[in-house]
Amino acid sequence: MSNTSGKPSIVAVAVDSQHPVTLHLNGTGAGRELPRIHYHFGEFGNYSLVVKSFDSSTKMISCDIIINESPVNSHLPILYAFLIYVGVLSILTVGRVFVIIDPIRNWFYKKLHPGDTDRLINSELGSPTRTDSTSSDVPATTWTVSQRRLRSLDTFRGLSLIIMVFVNYGGGKYWFFKHQSWNGLTLADLVFPWFVFIMGTSISLSLNSMLRRGCSKWEVLGKALWRSFLLFLIGIVIVNPNYCLGPLSWGNLRIPGVLQRLGFTYLVVAVLELLFAKAVAENDTLETPYFALRDILLYWPQWVFILTLEATWLGLTFLLIVPGCPKGYLGPGGIGDFGKYPNCTGGAAGYIDHLLLGEKHIYQHPSSNVLYQTTVAYDPEGILGTINSICMAFFGLQAGKIFLFYKDQHKQIMSRFFIWSVVMGIISAILTKCSKDEGYIPANKNLWSISYVTTLSCFAYLLLLLIYYLVDVKKWWSGAPFFYPGMNSILVYVGHEVFENYFPFKWKMKDSQSHGEHLAQNLVATSIWVIISYLLYRKRIFWKI
């Protein structure tokens, strides 16, 4: 290709390897048809676009892409990591099978406790009981309570938490383990709503348990207030500040956050449930059509409240006048929408946070600035989105009521989970028009749009159904390893945030561009927290607030 002086010109350009891109050759030659090339470039590859001379017979300029250096297969580290974890899991499974065989189990016990060999051989059971294996200061009823507990809930919570930890550590620098820049979903966008969902499920079960034990509603309300306050305080003082940059400074402290949203959402949903909750008896049965919908009909005031909240979100989102922005704007600002609204990131949601919290007290590096080059602060855990996190927790609350009203009726429970999933899916399909950007309300994690909530609720009901079936119905899966962090979720979340930049969770890498090293570091860090939670579980140490 030649420039105006007739000499060849070479231009180096970085292109996106996440999606196929279209290259359009610009020129000023009259009567010339300029080519377009649609090509999916590989990661860390080196390419040349060779533009050939103008063909007078066809009036076209032809060009070809030449691969100078072959791209790397960036997905191989994921395959290797998967095979390693499958190998470790297989070894542990085989070991567990051998250990439950009496001769092998007795041999291991003999080696570990040589002084107790005679007692072991002469005992009626041939091995220590679960009660024997616990410390003397732990009551024997601990195991009985644990067995009655729905392991699927802790497994679901632990699965969401571990994916969240892995994503927060970097997700191996893969785009699908990072939050979506604006509309759409990646794996990283799934886990926080699932955590909120299962929190709502736990609220229903825990409040019912406390009321059945004879606790007064005022006492339960006091515990809810205290727990919400602690979650908010931990988020503000421990998680948000970066003490490596200096002491705590209120002038630039981010007020919203994950734990803050969890705390406020928990308080609202717990109070809402407490206002209308009645202890469900163990032997409660559902025999008539009315009783078949009792988990919904008895709580109609809650639905009125939630629908009012959602109407408030819709009204503020689409009717609030935001200076310099079109009414009902849901875009990312920056260079999005051809750069027409550069300072309108998030529309009403961003405006309310700036107005009530101030620019310095919200998140300064939103995911939208990567693709859309936004320059204004925007908080994905802001005030307006909290309305829909309350709705998300409320849908989880419904799952808890299904567990309560259909206790031990596995088919009834799973069928209702499936029906709820279908209903949520239909609503999402209508709101999004089954597209990423073209719907009435796109699924958007930064906005916590209502379509985002219904979509993730659809997935949550299906996932809970599957885990419940495998763990609590068929007992084919113990829930390990996710069950253990699920039992110590607050400790794992706070711990991974506080110690994120310390060894062994992070170390200096030789090649910071390598997916392999990033993936290894992030998986090691995440696995350490799983091991820590397992050891704490074995020691019966749980951080409850």
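Among contacts in the chain between residues at least 6 apart in sequence, what percentage join residues at least 24 apart? In this predicted model, the figure is 68%. The chain has 545 residues, and 44% of them count as buried.

**The chain overall**

- The secondary structure comes to 20 helices and 4 strands.
- The chain's accessible surface is about 29,800 Å², and carbon and sulfur atoms account for 64% of that area.

**Helices α12 and α15**

- Two packed helices are described by the angle between their axes and the distance between the axes.
- Here, helix α12 spans residues 300–319 and helix α15 spans residues 383–405; they pack at an angle of about 155°, with their axes 9 Å apart.
- Angles over 145 degrees count as roughly antiparallel, and α12 and α15 are therefore roughly antiparallel to each other.
- The crossing of this pair, α12 and α15, is left-handed.
- On the α12 side, the residues that meet α15 are Gln302, Trp303, Ile306, Leu309, Glu310, Thr312, Trp313, Leu316 and Thr317.
- On the α15 side, the partners are Leu384, Ile387, Asn388, Ile390, Cys391, Phe394, Phe395, Leu397, Gln398 and Lys401.
- Sorted by class, the contact of α12 with α15 has 12 nonpolar, 5 polar and 2 charged residues.

**Helices α8 and α9**

- Helix α8 covers residues 217–239, and helix α9 covers residues 258–276.
- The axes of α8 and α9 come within 7 Å and cross at roughly 170°.
- With that angle, α8 and α9 are therefore roughly antiparallel to each other.
- By class, the contact of α8 with α9 has 17 nonpolar, 4 polar and 2 charged residues.

**A closer look at Gln260**

- Gln260 lies in helix α9.
- Is Gln260 buried or exposed? Its relative accessible area is 4%, and the cut-off for buried is under 20%, so Gln260 is buried.
- Which residues is Gln260 in contact with, leaving aside its neighbours within four places in sequence? They are Leu231, Phe232, Gly235, Ile236, Asn240, Arg254 and Ile255.
- Gln260 can also be located relative to Thr386: the two are 126 residues apart along the chain, while their C-alpha atoms are separated by 9.9 Å.

Methods. Residues are numbered from 1 along each chain as its sequence is written. This is a predicted model: local features need pLDDT of at least 70, side-chain atom pairs count only at pLDDT 80 or more; totals for chains, interfaces and linings use all residues. Side-chain values use heavy atoms; hydrogens and water are left out. Helices (H or I, at least four residues) and strands (E, at least two) are DSSP runs, numbered from the N terminus. Buried means under 20% relative accessible area, exposed over 50%, partly exposed in between (1.4 Å probe, protein chains only). Contact means heavy atoms within 4.5 Å. Accessible areas come from the Shrake-Rupley method with a 1.4 Å probe; for residues, only the protein chains shown count as cover. Axes are lines fitted to C-alpha atoms, for helices over the stretch in contact, and angles run from 0 to 180 degrees between N-to-C directions. Angles under 35 degrees count as roughly parallel, over 145 as roughly antiparallel, 65 to 115 as roughly perpendicular and the rest as oblique. A crossing is left-handed if the near helix is turned anticlockwise from the far one by less than a right angle, and right-handed if clockwise. Ala, Val, Leu, Ile, Met, Phe, Trp, Tyr, Cys and Pro count as nonpolar, Asp, Glu, Lys and Arg as charged, and the others, Gly among them, as polar.
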